[in-house]
Amino acid sequence: MREAHPVERAVGIAHYVSDAPGTGGRLRSTPEDFRVREIEAFDPEPVDADPGAYPHVLARVTLHRWDTNDFASELSDRLGISRERVSWAGTKDKHAVTTQLFSVAKVDPDDLAAVAVDGADIDVLGRTGRPILFGDLAGNAFDITVRDADASRVDEITADLAAFAAGDDGASVEAENGPVTVGVPNYFGQQRFGSERPVTHEVGLAVARGDWQGAVLAYVGNPHERERESTREARAYVDETEDWQGALDRLPRRLGFERSMCHRLVEREESGDGTLDAEDYRYALEAVPSNLQRLFVNAAQSFVFNRVLSERLARGLPFHEPVAGDVVCFADADAPEGLALPDPGRTQRVSEDRLRTVRRHCERGRAFVTAPLVGTETELADGEPGEIERAVLEELDLEPADFDLPGEFGSTGTRRAILLRTDLDASTPDADDALTVEFSLPKGSYATVVLREFLKTDPSDL
């Protein structure tokens with residue numbers, strides 16, 4: 001089994017499914033090389049519906065070179081309204097062309113349609129009774145061009161991934177024949193942990209262990225080789241001295257969250273006897289926005305999940321069907337046609353006598369094998385899958401009860417499908433060593449975990 005890149009191994013991704021050499025190549029040479037379109041799951045009323053009952057105007061927006069948050073701020077400025085009145089279903093990459101839904105509260109549809117923002121095309125769809133919220137989408141469709149790729153390797157990689165999707169070692173495909181059903185482990189991609197400095201899971205693991213001081217040091221200290229030299233030196237100073245005023249003198253102004261934590265620690269030192277306790281470090285960590293507090297713990301859960309999948313892969317257990325002891329979830333009956341969407345709220349433990357029946361459900365796309373995103377209400381699997389889950393948690397010195405945490409840090413947990421299956425079409429449309437890859441994924445899954453199998457390159461290049 002081909003070993004993953006060292007940066008990937010640091011976030012729990014140990015191997016590639018495909019043993020074939022990678023194509024190499026470059027992503028996002030231009031934003032137009034990376035196109036993402038939301039698969040919508042939000043139906044509006046007509047534009048002329050009663051604005052009292054339907055106060056939110058829904059629009060489909062295509063963005064060129066826009067970060068989602070930045071565009072929302074620009075849109076609110078143009079309309080002369082509060083930024084809080086703009087909502088969206090999913091955050092997208094700036095270095096891409098993205099098509100996604102936004103809703104704007106208490107705005108005239110004509111005013112929204114008339115907004116002129118460079119790099120944005122706004123199409124008003126109708127009215128809704130509530131704002132669109134994060135997660136109000138079924139998935140995303142991708143149309144991606146890889147430059148300077150070795151396309152001769154595509155067929156072999158595609159065949160490996162088709163075999164993994166079906167549990168068939170003898171799969172054979174030809175890329176020019178059109179879409180092929182492929183599968184990869186449903187890993188959390190590098191973005192979940194920090195693309196340049198993957199440490200959010202280290203912070204979350206420390207929080208789950210009740211080590212608030214260690215969590216602050218993991219975020220403020222903990223230098224990474226990919227950072228600027230001045231930043232590495234400042235972080236190393238923090239690790240060596242825990243001198244928080246000295247850290248403020250050294251940390252670059254752009255590291256606003258780190259500096260906010262240091263400010264709080266200096267404040268507590270000056271207001272007390274100069275010593276700090278666990279509550280002081282927790283107070284420092286709470287200097288960051290609530291969504292980042294949640295992300296720390298989510299990243300820890302994601303790291304555990306990746307480790308469980310890597311161990312299952314190493315043991316040769318199937319991903320496309322369960323073994324005795326697995327926990328499966330069933331398909332979302334309301335998912336758009338052609339997109340298999342797992343519903344983690346409907347799970348079943350697979351006993352030996354139900355194994356054949358559940359395997360048929362998985363074969364037909366009605367059920368999915370899962371692994372835990374560990375939280376206080378997580379029930380671990382039985383059999384060998386349960387052994388893997390417990391072994392990973394024991395190695396990390398964690399248990400579900402550890403996620404009974406204060407404020408935004410707490411989590412009840414859930415389960416997540418372990419196989420990411422999609423119909424993928426890979427082609428070479430021109431003679432410039434360009435490879436075009438088209439596929440769709442359910443919400444919450446990462447295009448990079450599909451692309452990594454093809455390029456087999458440094459994750460920072462994805």
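This is a predicted model: local features need pLDDT of at least 70, side-chain atom pairs count only at pLDDT 80 or more; totals for chains, interfaces and linings use all residues.
Which residues does histidine 56 touch, not counting residues up to four places away in sequence? The legends below begin with that residue.

Figure 1. Residues are numbered from 1 along each chain as its sequence is written, and side-chain values use heavy atoms, with hydrogens and water left out. Histidine 56 touches Ser103, Val104, Ala105, Gly126, Arg127, Thr128, Gly129, Arg130 and Pro131, when residues up to four places away in sequence are not counted; contact means heavy atoms within 4.5 Å. Histidine 56 belongs to strand E2, residues 56-64. Helices (H or I, at least four residues) and strands (E, at least two) are DSSP runs, numbered from the N terminus. Histidine 56 counts as buried because its relative accessibility is 11%. Buried means under 20% relative accessible area, exposed over 50%, and partly exposed in between (1.4 Å probe, protein chains only).

**Figure 2. The protein chain as a whole.** The secondary structure of the protein chain comes to 14 helices and 13 strands. The radius of gyration of the protein chain is 23 Å, close to the 23 Å that the globule rule gives for 462 residues, so the chain is as compact as a globular protein of that length. The radius of gyration is taken over C-alpha atoms, and the globule rule is 2.2 Å times the number of residues to the power 0.38. Along the principal axes, the C-alpha atoms of the protein chain fill a box of roughly 70 × 60 × 45 Å. Of the 462 residues in the protein chain, 52% are buried. Among contacts between residues at least 6 apart in sequence, 72% join residues at least 24 apart.

**Figure 3. Helix H14 and the residue after it.** Helix H14 spans residues 447-455, and nine of its nine residues are buried, so the helix is largely enclosed by the rest of the structure. Among the buried residues of H14 are Arg452, Glu453, Phe454 and Leu455. Just after H14, lysine 456 takes a positive phi of about 50°.

**Figure 4. Threonine 23 in its loop.** Threonine 23 lies in the loop between helix H1 (6-9) and strand E1 (34-40). Threonine 23 is buried, with a relative accessible area of 4%. Its contacts, not counting residues up to four places away in sequence, include Phe454 and Leu455. Asp148, Ala149 and Asp150 are also among the residues that threonine 23 touches. The C-alpha atoms of threonine 23 and aspartate 150 are separated by 4.5 Å, although these residues are 127 residues apart along the chain.

Figure 5. Aspartate 148 is not a glycine, yet it has a positive phi of about 60°. Aspartate 148 is found in the loop between strand E6 (137-146) and helix H4 (154-166), and it is partly exposed, with a relative accessible area of 46%. Lysine 106, also a residue other than glycine, has a positive phi near 55°. The loop that holds lysine 106 runs between strand E4 (97-105) and helix H3 (109-114). Lysine 106 is exposed, with a relative accessible area of 68%.

**Figure 6. Helix H5 and its packing.** Eight of the nine residues of helix H5 (residues 200-208) are buried, so H5 is largely enclosed by the rest of the structure. The buried residues of H5 include Thr200, His201, Val203 and Gly204. These buried residues of H5 pack against helix H6 (212-220), helix H10 (278-285) and helix H11 (290-315). H5 is followed by glycine 210, whose phi is positive, near 80°.

**Figure 7. Cysteine residues.** A search of the whole structure finds zero disulfides, a disulfide being a pair of cysteine sulfur atoms within 2.5 Å. Cysteine 329 is in no disulfide, and the nearest cysteine sulfur, that of cysteine 362, is 8.8 Å away. Cysteine 329 is buried, with a relative accessible area of 1%. Cysteine 262 also counts as buried, at 0% relative accessibility.

**Figure 8. Glutamate 352 in its loop.** Glutamate 352 has its place in the loop between strand E9 (342-349) and helix H12 (355-363). Glutamate 352 is exposed, with a relative accessible area of 60%. A separation of 8.1 Å lies between the C-alpha atoms of glutamate 352 and valine 323, which are 29 residues apart along the chain.
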